[in-house]
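Hello,

Here is the structure I promised to pass on. Have a look at it first, and then read my notes below.

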Amino acid sequence: MPVEVKPRFVVLYGSQKGQAQSIAEGIAEEAEQHGLVADLSCLNETTKYNLEKENDPVVFIVSTTGDGEPPDNALQFVKRIKRKALSTDHYKHLCYALLALGDTNYANFCNCGKTIERRLQDLGAKQFYATGYADDGVGLEVVVDPWLEGLWNAIRGALSKMASDRTAHLKANTEDSAEETPDSSTPDVQISLLRITDHQNCESVGAAVETDSKFACAASSVASVVSDLRPASPAGSIGLASQCHGTASIPTSAPKTQAGDVGVPHVVLAASLTCSLPPLSESSLNVPALPPPYLDVSLQEADTIEQIVGPLNKETLHEVPVSKAVQLTRGDSVKTAILLELDISAYPMMTYQPGDSFDVFCPNRAAEVDNMLSRLGLQDQRNHLVNISLRKDTKKKGAQVPSYISQNISLLFLLTWCLEIRGIPKKAFLRALVEHTGDSVQRRRLQELCSKQGAADYNLYVRDPSLSILELLTAFPSCSPPLSLLIEHLPKLQPRPYSAASSCLTHSGKLHFAFNVVEFPACTGRPVGRRGLCTGWLFDLINPSPVFPGKAESSNSPALPKIHVSLRPNCSFRPPSDPSVPFMMVGPGTGVAPFIGFLQQRAEERQKNPEGVFGETWLFFGCRHRDRDYLFREELEGFVSSGTLSHLKVCFSRDDREDEESAAAQPRYVQHNLLLNSQHVTDILLRQNGYLYVCGDAKNMAKDVNETLLEMIKTELQVDQLEAMKRLAGLREEKRYLQDIWG
């Protein structure tokens, strides 16, 4: 009896932090349940796939990083398909579907996905399923979940149509050949089509393309509901939304209410991280499929272990001393801003330009590592060697030992330098934790948090407050996961990027950067607030050494430590190459940092070329209080006095206004100052071919500035909203409206 060949499709992913990869792996793993076979590859694994000859459906899962750029492992693929030499029918044989991940808090939302899709269509490829644009700003699962649910019927429909087309093509060729040579003795050819095991709701490629892209608008339709549920605490970056959902639902009976005495009022419980309320607590649940385990992890006692201080990849890093630390804000300021000076003179090749940024490599906090070891019951084995290998029986597609975990490292080093133990647990991780949770109430709550029905609770209690895995495990004491589960699900500990706040011309052999010490407030699941990982670590390293503004440096200050850094050149966020071109800078708070480098560079250029022609420079700065957190005040006023900075526009959002009249006249935020200078701003941008740079908060400030610019263009040019948006998009394409923003 012949063996049935399962229909095949291809899954390709481009991923910076692992979210797109995790979704792609989930698709490949679930394919078997649908009677399909998925060939999974990363876009940079060019020996594993060949789109030029691919005749089966292709599913792309891609994220966007930086300023709308492709992930590192998709960069070469994007460059290849953008080659102008490719013909318009280069991919005419290709049928594809695409899921793009992005964040609307940043410019160029899902730009990598849009770029790939646009180019595929330019080259003749056909879409068999509507593209999904998942927004990390409101929760990836809002779009990812329904997109994944509809994907399987779309793949079956595409396979069916592609098989029919191939049959029709072969039949036509056979008939043409018979007509041309009627007397030839051509043998009969019997074509066996691949059998699609489930034809339910199969759709043609054309029908799938014509359907409305509900996935692109799903985020906006749910965003208002999600936003109403959010606390005011800062949101961190989301982990992966749920993996492909299984078909089984989990029933539960409603909790029984104890009968009380007559006249005694009922106590209404509040929902929390560990407790839900009806209707969720009484609902049947659709939970993700259980991620297959794929790593074998053992601990081996070692006689001697090399004590490694700092990250392993030192060949690409520079260990540099902190030569100065200054607190830029007053002690009673809401935020604590620090300026650090690094001595990079030992690395003459480590040159940077104004606008460049660099990575700081920091460890997990020692106290949190100790707590994690204790929680795992491995405190006594902290110095044991960690041995990691692939399970021979794993069903995970494309399984491999994480490349960022080296051999012969201790458990302590693994948790300190390799794994992001502050990472927000993904839904797939929560699903896996269920299997290691003893208490039935806690199991049910973890199931709710990873389910489709519990999406709002997941956002409210896990995602938005940036709850870490350690905080989650503390809240669910009966959950005891093995070490292997953490290694499988926790992402790589990522370096933190910072903008250079100096110019090499002014500070030779030095590199300055400024930051606010991030504070995460207490919340359900986090009884006590905590500092940001890297900013808290840097603050602890130099504390209590920082010099306050206006105070002389102490001659007997203790020696400051060294940190590991690597440069990340930014070729676009730089001052105009032509010094005669005017430019404007918008940078409230620590967003002003890169512009200090811009202005230091301009001051040096003016000094070297006093007869040169230099364009106007504008800086829009804002903070809470003039006397508490006006960062770099003396230096900025010095730039104005020397003529380096033509216009300095400042605003203070929390300073008391003396009366209503003056309050109405005084701008509160940087966008208000932009409006007050609307004519000058639009003239520089639209008539003088000037530049606008924006640096700072992505979630509020950058959006408000963008909306203000649209209103200014509409008013000054007397055009409608669509035309104003086109003008602003044109400035982005010309690299004259540039952003360096963060969430």
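**Cysteines**

The structure holds 0 disulfides, a disulfide being a pair of cysteine sulfur atoms within 2.5 Å. Please keep in mind that this is a predicted model, where local features need pLDDT of at least 70, side-chain atom pairs count only at pLDDT 80 or more, and totals for chains, interfaces and linings use all residues. Residues are numbered from 1 along each chain as its sequence is written, and side-chain values use heavy atoms, with hydrogens and water left out.

For Cys362, the closest cysteine sulfur is that of Cys534, 3.9 Å away, which is too far for a bond. Cys362 is buried, at 2% relative accessibility, and Cys95 is buried too, at 7%. (Buried means under 20% relative accessible area, exposed over 50%, and partly exposed in between, with a 1.4 Å probe and protein chains only.)

**An open sheet**

In the order S21-S20-S19-S22-S23, 5 strands form an open sheet with parallel pairing. Its edge strands, S21 (647-652) and S23 (737-742), each pair on one side only. Strands are DSSP runs of E with at least two residues, helices runs of H or I with at least four, numbered from the N terminus; two strands pair if DSSP finds at least two bridges between them. S20 (residues 617-623) and S21 are joined in the parallel sense over 6 bridges, and Leu619 has Leu648 in S21 as its bridge partner.

**A loop proline**

Pro293 lies in the loop between strand S8 (285-288) and strand S9 (295-300). With a relative accessible area of 37%, Pro293 is partly exposed.

Best wishes
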